[in-house]
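Me: Could you walk me through the ring contacts in this one? I'd like to go through them piece by piece.

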Amino acid sequence: MSNIQIFVTHTPNKKSIRLENPLFYHVAAGSVFLERPLEKGMLADNTGEHISGKNRSYCELTTQYWAWKNTKADYYGFCHYRRYFSFAPKALPEADCGCLVFSYLDADTVQKLHLLESEIKDYVEQYDFLIAKGIPAVAFQAKNVRQHYKNAKELHSSDLDLMVAIIREKYPQMEGAALAYLDGKQFYPCNMFIMKQQLFDGYCTMLFTILQEFERRRDMAHYSREGYRTPGHLGERFLGIFYTYMSQQGKYRLGELQMALIAHTSAANALPDGNVEISGKTVPVVFAADENYIPVLFVCIQSLADHTDRNRNYHIYIFYTNISFESQQRFLQAFNRQGFRVSFIDVTAKVAGRCLKAKGHISTETYYRFFIADLMKRYPKVVYLDADLIVCRDIAALYDIDLGDCYLAAVTEADVAGQYNGANPDTRRYMDEVLHMKDPYNYFQAGVLVWNIRAWNENLQTENLFRLAETGKYRYSDQDILNIVCEGHVKLLDMSWNVLADHMRFRYEHVIKYAPYRILDAYERARKQPYIIHYAGEQKPWKAPDADYGWEFWHTARRTPYYEILLYGMEREKEKKKMWKVVFINVLKRAAKKILPQGSWIRRAIGGLYWRMK
């Protein structure tokens with residue numbers, strides 16, 4: 001069997017996900033710039049003979065140089081922490097960028113890319129030289145490889161010309177291949193390849209001789225940061241030239257491998273893998289939010305962090321599609337500590353193509369919880385929380401509740417019970433005619449859930465939930481759907497775990513009071529000592545500070561970096577209401593002037609009303 005070594009280049013001082021496979025060797029490129037100890041299992045490119053100090057201009061080529069000078073193998077391969085090869089026997093569907101795109105380097109991705117040791121060996125040994133699959137230059141709005149380089153704003157086309165001149169001088173046999181490749185329409189990206197040792201040695205000898213001569217002739221002192229990486233960019237082009245030259249020889253076994261881009265590579269954002277602790281000490285909690293809800297989410301997680309057990313570990317997962325990197329970093333810096341960790345999980349790929357529409361004040365993000373059973377399958381249970389709530393007790397006590405064979409644990413929805421029991425006849429008709437629940441009084445509120453991952457995956461399919469969602473007929477969106485599919489398999493919790501905030505006493509006096517006495521009693525008891533306060537509905541304390549339990553929200557908000565932003569948002573909300581009031585009054589005023597007779601009593605009465613409102 002051949003000794004195959006595939007080196008994976010990682011950015012120094014950045015903790016990235018690593019593929020655990022005996023054939024892959026993870027190297028911190030530019031190790032001389034490390035600001036903290038190297039992680040266990042990582043290699044450094046500043047040992048033995050090296051050019052690690054040139055990483056800022058040579059990029060991943062410092063890894064390649066180190067491997068060339070310091071390791072022995074039959075095959076040498078190179079890829080990146082966020083780009084891997086696909087060894088799948090059949091071509092996989094590619095994105096518009098010309099490569100495969102996966103959200104995470106998880107078990108499913110490894111399986112789809114056939115990244116197992118035995119499969120890789122069987123594939124590689126059939127070839128002398130494998131390269132990352134070429135991408136048509138037209139995909140980069142260029143007619144050929146040369147124009148693609150010229151179009152890069154921070155690079156200089158004269159540098160490419162200089163490299164060709166150096167090739168002509170030092171390796172004249174390569175000139176034809178250089179011109180053919182640069183004037184060709186296929187670009188080989190990212191310095192990714194696998195070569196037999198003899199070819200690799202010849203390739204490196206030429207590459208680093210050319211780059212050394214380029215540096216001797218070109219002064220890059222005034223180049224931009226990206227421009228300073230020109231040797232790395234030229235090395236990328238030389239790989240394509242070398243592959244073209246090998247093709248022209250006609251005596252080597254050559255092949256192209258699809259390249260897979262991994263969208264999320266930060267170890268801090270990793271999905272739970274096979275090594276995750278499932279003994280019960282770790283408490284996994286899932287939220288779903290967007291950029292607009294970040295301040296409120298931060299307050300919620302702060303309240304959760306305020307009530308933790310030092311003997312437990314808490315891992316918070318935030319499902320999202322549009323939360324900025326800056327916002328994510330603020331969470332990681334504020335919360336990631338011993339025993340408490342936050343990860344952001346991008347679900348963009350999973351929601352792509354789905355027609356998801358929430359109703360009323362409910363956001364589309366509410367559907368993201370449907371992915372819990374698929375994405376969190378390594379955990380036995382998972383707590384799900386809406387972001388518009390305040391945690392007043394250690395969430396581990398909720399997680400530890402025995403679910404038996406129930407799919408979910410949740411709290412009875414007191415509001416809906418009141419509506420069904422007489423407060424809103426339309427709700428009764430809707431639940432009887434659309435939901436068809438056997439016992440509507442067991443309808444639960446889905447803002448606080450404990451998800452039994454095992455029971456769910458054994459009995460339900462996530463795709464069925466989305467099929468129901470895309471019908472668009474459910475009033476309370478995903479909450480209705482969960483109630484339908486889980487009826488008869490729900491453990492009802494103490495109502496203290498999800499206390500619905502009142503709305504100027506309206507919710508209690510006009511809705512919940514109609515609920516069956518046992519539900520009303522439970523709600524009144526829960527209000528005296530809530531474990532979780534849920535600001536469900538349209539009135540929120542960050543919009544109206546005198547909202548029910550609003551002081552609990554602001555008590556926590558004052559200790560977060562978003563306090564001033566929340567205050568500013570509340571003022572903008574007030575101004576917005578004033579604006580709509582002015583618009584409404586002005587429209588009414590113009591209509592009155594046209595319709596009502598001048599001097600009439602009704603015109604004078606409406607005029608008086610206008611001035612009182614103003």
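Predicted model: local features only at pLDDT ≥ 70, side-chain atom pairs only at ≥ 80, totals over all residues.

Me: How many aromatic pairs does the structure hold?

Reply: The structure holds 45 aromatic pairs. One of them is formed by Tyr-203 and Phe-238, whose ring centres are 5.8 Å apart with the planes at 15 degrees, so this pair counts as stacked, the cut-off being under 30 degrees.

Me: And where in the chain do Tyr-203 and Phe-238 sit?

Reply: Tyr-203 belongs to helix H8 (residues 197–217) and Phe-238 to helix H9 (residues 230–249), so that the pair links distant parts of the chain, 35 residues apart. Tyr-203 and Phe-238 are both buried.

Me: What about Phe-298 and Phe-331, stacked or edge-to-face?

Reply: Phe-298 and Phe-331 are edge-to-face, with 4.9 Å from centre to centre and 70 degrees between the planes. Phe-298 lies in helix H10 (residues 294–305), while Phe-331, 33 residues apart from it, lies in helix H11 (residues 325–335). Both Phe-298 and Phe-331 are buried.

Me: OK, charges now. Which rings have Lys-381 and Arg-475 over their faces?

Reply: Lys-381 lies over the face of Tyr-399, 4.7 Å from the ring centre, and Arg-475 lies over the face of Tyr-430, at 4.3 Å from the ring centre.

Me: Switching topic: is Gln-5 buried or exposed?

Reply: Gln-5, which lies in strand E1 (residues 4–10), counts as buried because its relative accessibility is 9%, and buried means under 20%. Leaving aside residues up to four places away in sequence, Gln-5 touches several residues, among them Leu-23, Tyr-25, Tyr-75 and Tyr-76.

Methods:
Residues numbered from 1 in each chain as written. Heavy atoms only, no water. Phe/Tyr/Trp six-rings, centres within 6.5 Å; stacked < 30°, edge-to-face > 60°. Helix = DSSP H or I, 4+ residues; strand = E, 2+ residues; numbered from the N terminus. Buried < 20%, exposed > 50% of the residue type's maximum accessible area, 1.4 Å probe, protein only. Lys NZ or Arg CZ within 6 Å of the ring centre and 35° of its normal. Contact = heavy atoms within 4.5 Å.
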